[in-house]
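Let us take a friendly walk through a protein model, stopping at a few places where parts of the chain come together. Keep the picture open as you read.

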Amino acid sequence: METNNKRTCLYDKHVALGALISPFGGFDMPIQYSGIVDEHQAVRQACGVFDVSHMGEVLVSGADAERYVNHIFTNDVTKVDAGKILYGMMCYENGGVVDDLLVYKMATDRYFLVINAANIDKDWAWIQEQAKGYDVVLEHQSEQYGEVAVQGPESEQVLKEVLGIDGSDLTFYTFKQIDRMIVSRTGYTGEDGFEIYADADYIRQCWDKLIASGRCKPCGLGCRDTLRFEVGLPLYGDELSADITPVMAGLGMFVKLDKEEFIGREALAKQKAEGPQKKLVGIELHDKAIPRHGYAVLKDGAVIGEVTTGYHTISTDKSVCMALIDARYAALDTEVEIQIRKKTFPGTVCKKRFYDKHYKRD
């Protein structure tokens, strides 16, 4: 079926593999191939590869690059060396989130920003608007890069033996440049893994080699969501938004209030000092019912919030969700209910991480 959505450089590869294709972030993307459970387990136990070419890339360079990036970013890029990656948010003045992103520090005068596909146009407009008065050059490079994410406990070995790329020198949240290619070690699955950014031809070659090897299962966005959810990683539009601040979402560690200034600093400092009215929590149901995005969370019959993401977890076999609720009921072990269609199901507030992460830290 023809659509007006964009397609990545790997679109025909997904069709050839019989992937279920669906719109996501303005792109026609693969949701699953062999099945979400099968792909999820491949990443947890061995290795999977994702097409993430829909992500956006912006290069910031110039004399004021560091000062400018620090102005629009909640984390502090001055505290890390070149070759490091930082996670954080771009915020509005009121503390709401424009987007969450990764910032790759190439040099003090050169930064590579990786933004969410659904927010590319909005982010690019925001980044340009905020750059007024700064000596920077902004380059929208989203069309120049394809990207694959190789994820799972066998990813380092697969990268070297199948693609000839040695990632052993990279630790968590670091990267290196090889010619015009960027290789990083971050991931969005809770497992060890790598990202390769390069031109479309090279990314297509990487994909073909990985699939042909039989050692790396093709994975869709369906299991990408179940994987990130199990380890408590947020998705913009669900756990972060213009209405959900980093403080509400429990991501205050990525908001460096000791910086002199950044957009949203005053609002976030005030919210952190006073405590947010709403908090993002985990909830475990006492039943097999599955809570979904938008379902109401209740306490003694009164609505106190709503589910942001919910699943019956593949790795732990539990019905759990993340939910934004009234902060008065956010303490661990608080008993709540979730409205699922015409019934309510009891649950207990718990930690947002439902499965332990396995990253290479050293």
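## A buried serine

Ser155 has 0% relative accessibility, so this residue counts as buried (buried means under 20% relative accessible area, exposed over 50%, and partly exposed in between, with a 1.4 Å probe and protein chains only). Before going on, please note that this is a predicted model, in which local features need pLDDT of at least 70, side-chain atom pairs count only at pLDDT 80 or more, and totals for chains, interfaces and linings use all residues. Residues are numbered from 1 along each chain as its sequence is written, and side-chain values use heavy atoms, with hydrogens and water left out.

Ser155 belongs to helix α5, residues 155-163 (helices, H or I with at least four residues, and strands, E with at least two, are DSSP runs numbered from the N terminus). What does Ser155 touch, not counting residues up to four places away in sequence? Its partners are Ala46, Cys47, Val150, Asp192, Gly193 and Phe194, where contact means heavy atoms within 4.5 Å. A polar atom of the Ser155 side chain also lies 3.5 Å from the backbone oxygen of Asp192.

## Rings that meet

A pair of aromatic rings is described by the distance of the centres and the angle of the planes. Rings of Phe, Tyr and Trp (its six-membered ring) pair if their centres lie within 6.5 Å; planes under 30 degrees apart count as stacked, over 60 as edge-to-face and the rest as tilted. The structure holds 13 aromatic pairs, including the two in this table.

| Pair | Centre to centre | Angle between planes | Type |
|---|---|---|---|
| Tyr92 and Trp126 | 5.1 Å | 75° | edge-to-face |
| Tyr104 and Tyr197 | 5.7 Å | 90° | edge-to-face |

Tyr92 sits in the loop between β5 (85-91) and β6 (97-107), while Trp126 sits in helix α4 (residues 120-130), 34 residues apart. Tyr92 is partly exposed at 24% relative accessibility, whereas Trp126 is buried at 17%. Tyr104 lies in strand β6 and Tyr197 in strand β12 (residues 193-198), so this pair ties together parts that are 93 residues apart in sequence. Both Tyr104 and Tyr197 are buried.

## Helix α2 and its neighbours

Now turn to helix α2 (residues 36-45), where Glu39, His40, Ala42, Val43 and Arg44 are buried. Which elements do the buried residues of α2 pack against? They pack against β2 (27-32), β3 (48-51), β9 (146-151), β13 (217-219) and α7 (221-230).

## A closed barrel

Six strands form a closed barrel, in the order β14-β17-β16-β15-β18-β19, with antiparallel pairing (two strands pair if DSSP finds at least two bridges between them). From one strand to the next, the twist averages 45°. Strand β15 (residues 296-299) and strand β18 (residues 335-340) run antiparallel and are joined by two bridges. Val297 stands opposite Ile338 in β18.

Is Ile304 buried or exposed? Its relative accessible area is 11%, so Ile304 is buried. Leaving aside neighbours within four places in sequence, Ile304 is in contact with Val297, Leu298, Lys299, Leu324, Ile325, Asp326, Tyr329 and Val336. Ile304 and Ile325 are 21 residues apart in sequence, and their C-alpha atoms are 5.4 Å apart in space.

Methods. A polar contact is a pair of N or O atoms within 3.5 Å; within protein, one must be able to donate a hydrogen and the other to accept it, and residues adjacent in sequence count only if both atoms are side-chain atoms. Axes are lines fitted to C-alpha atoms, for helices over the stretch in contact, and angles run from 0 to 180 degrees between N-to-C directions.
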